[in-house]
Amino acid sequence: MQPLPQMRVMDPRFDITEPEIARAIATFYAAVRRHEVLAPIFAEHVGDWPAHEARITAFWANAILHKGGYAGSPMRAHLQAGNVRPEHFAIWLALFDESLRRTLPPWSARAWSAMAHRIGQGLKAGVQNISASDGPPILR
């Protein structure tokens, strides 16, 4: 009987710790709760902020550090919300970038921002395609 191959633990995408991720997420959602456009949208869907922040921290810890512990579909969540519009993503990303700049070293903030912008583009495209349901999909 041959031994099972060893599972290789993937290296983090960039240098950051889980406590730094949690701090950036807490800073971001504090800004969201004060934002004139985003606060009402989130208020319709988030009743337990600590639980929401823990879930999003788990998402990013999985995406960046390959930690596991997140089982969900960000695309499905944004589509099912019903009140998320394509124009909200620019606002979301600007607040997110500011939170990253305030809480992280510059290199980590830039690396995470680039990743968030890629994910945001995909989510925006999904929301945009649902919003434009009387024509062909928008691929930009």
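The model is predicted, so local features need pLDDT of at least 70 and side-chain atom pairs count only at pLDDT 80 or more, while totals for chains, interfaces and linings use all residues. Numbering starts from 1 along each chain as its sequence is written, and side-chain values use heavy atoms, with hydrogens and water left out.

**Overall fold**

Let us start with the whole chain. The secondary structure comes to 6 helices and 0 strands, giving the pattern α-α-α-α-α-α along the sequence. Helices here are DSSP runs (H or I, at least four residues) and strands are runs of E of at least two, numbered from the N terminus. Of the 140 residues in the chain, 41% are buried. Buried means under 20% relative accessible area, exposed means over 50%, and partly exposed lies in between, with a 1.4 Å probe and protein chains only. Among contacts with a separation of 6 or more, 72% join residues 24 or more positions apart; a contact means heavy atoms within 4.5 Å. The accessible surface is about 8,900 Å², and carbon and sulfur atoms hold 57% of that surface. Accessible areas come from the Shrake-Rupley method with a 1.4 Å probe, and for residues only the protein chains shown count as cover.

**The largest pocket**

Now to the largest pocket, which has a volume of about 710 Å³. A pocket is an open set of points on a 1 Å grid over the protein atoms alone, where a 1.4 Å probe fits, with protein on both sides within 12 Å along at least five of seven lines; lining residues have an atom within 4 Å of a point. Grid points are joined across faces, edges and corners, and the volume is the space filled by probe spheres set on the points. The lining has 27 residues, with Phe42, His52, Ile56, Ala77 and His78 nearest the centre. Helices α2 (38-43), α3 (49-65), α4 (74-81), α5 (88-103) and α6 (106-131) each supply at least two lining residues, and the largest share, 6 residues, comes from α4. By class, the lining has 17 nonpolar, 8 polar and 2 charged residues. Ala, Val, Leu, Ile, Met, Phe, Trp, Tyr, Cys and Pro count as nonpolar, Asp, Glu, Lys and Arg as charged, and the others, Gly among them, as polar.

Helix α1 (residues 18-34) has 17 residues and reaches 25 Å from its first C-alpha to its last, close to the 24 Å expected at 1.5 Å a residue. Its buried residues include Ala24, Thr27 and Phe28. Ser99 lies in α5 and, leaving aside neighbours within four places in sequence, is in contact with Ala24, Thr27 and Phe28. Thr103, also placed in α5, is in contact with Arg23, Ala24 and Thr27, with the neighbours within four places again left aside.

**Residues at a glance**

| Residue | Relative accessible area | Class |
|---|---|---|
| Ser99 | 2% | buried |
| Ala109 | 7% | buried |
| Thr103 | 12% | buried |
| His66 | 25% | partly exposed |

Ala109 is found in α6. Beyond its neighbours within four places in sequence, Ala109 is in contact with Leu100, Arg101 and Leu104. The C-alpha atoms of Ala109 and Asp97, 12 residues apart along the chain, are separated by 7.5 Å.

His66 sits in the loop between α3 and α4. The phi of His66 is near 60°, a positive value in a residue other than glycine.

Definitions and conventions:
Expected span 1.5 Å × (residues − 1).
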